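Subject: Structure handover

Hello,

Here is the structure for your files. Please open it alongside this note.

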Amino acid sequence: MSEQSSAFSALVNLASSCRAAAKGLPAQIDARPQWSGIGFTLLGSHFVAPMDEVSEMLEVPHFTHLPGVQPWVRGVANVRGRLLPLFDLASFCGGRLVGGRKRRRVLVLETETLYTGLIVDQVFGMQHFPADEFQPSNSDLVEGLQPYAQGSYSDGDDTWNVFRLSALAQDQRFTDAAKDI
């Protein structure tokens with residue numbers, strides 16, 4: 001019995017010394033609420049799309065061109081068994097994609113009625129900004145981008161314009177991709 005009690009005493013002493021040596025919790029700091037989105041570039045500007053409006057990001061997949069569609073419709077790709085229409089977002093907004101093809105990515109917009117891939121110049125992944133630093137106005141943007149940009153955040157020297165994919169999805173000109181004959 002003395003072996004059991006000495007083992008128990010050793011454990012009690014060890015627990016006491018661990019509690020005495022433990023550091024306290026860090027001081028509670030008021031955390032600023034953050035706004036997060038997916039960062040990308042298009043037509044020479046930085047953008048960030050709300051997290052809940054981008055269902056995934058992809059490398060530009062192989063695709064099949066479609067006849068009788070607007071010039072900004074690149075084609076359709078088979079992505080994991082689903083047909084994904086691909087749109088050149090820069091061309092739709094009145095410009096052209098820049099940079100190397102290897103940097104281009106697809107932002108997938110999926111709603112109840114729309115499953116679409118938007119080709120952009122480059123994707124930077126998640127970006128986080130203090131929510132209270134939102135500016136309701138946008139920096140100088142190409143006219144074709146203005147209907148979809150709703151405010152901005154600043155990150156040092158860069159301005160990140162908020163690009164609302166939901167506004168794009170409601171644009172009749174975007175959803176009617178058939179070529180006018």
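Predicted model: local features only at pLDDT ≥ 70, side-chain atom pairs only at ≥ 80, totals over all residues.

Residues are numbered from 1 along each chain as its sequence is written, and side-chain values use heavy atoms, with hydrogens and water left out.

The largest pocket holds about 220 Å³ of space. (A pocket is an open set of points on a 1 Å grid over the protein atoms alone, where a 1.4 Å probe fits, with protein on both sides within 12 Å along at least five of seven lines; lining residues have an atom within 4 Å of a point.) Its volume is the space filled by probe spheres set on the points. Its lining includes Arg74, Asp88, Arg96, Leu97, Arg101 and Arg104.

Leu42. This residue sits in strand β1, residues 34-42 (strands are DSSP runs of E, at least two residues; helices are H or I, at least four). Leu42 is buried, at 0% relative accessible area (buried means under 20%, with a 1.4 Å probe and protein chains only). Beyond its neighbours within four places in sequence, its contacts include Leu97 and Leu145 (contact means heavy atoms within 4.5 Å). Leu145 is 103 residues away in sequence, but 9.3 Å away C-alpha to C-alpha.

Asp171. This one is in the loop between α3 (165-169) and α4 (172-175). Not counting residues up to four places away in sequence, Asp171 touches Phe92 and Tyr148.

Best wishes

How values were computed. Buried < 20%, exposed > 50% of the residue type's maximum accessible area, 1.4 Å probe, protein only.
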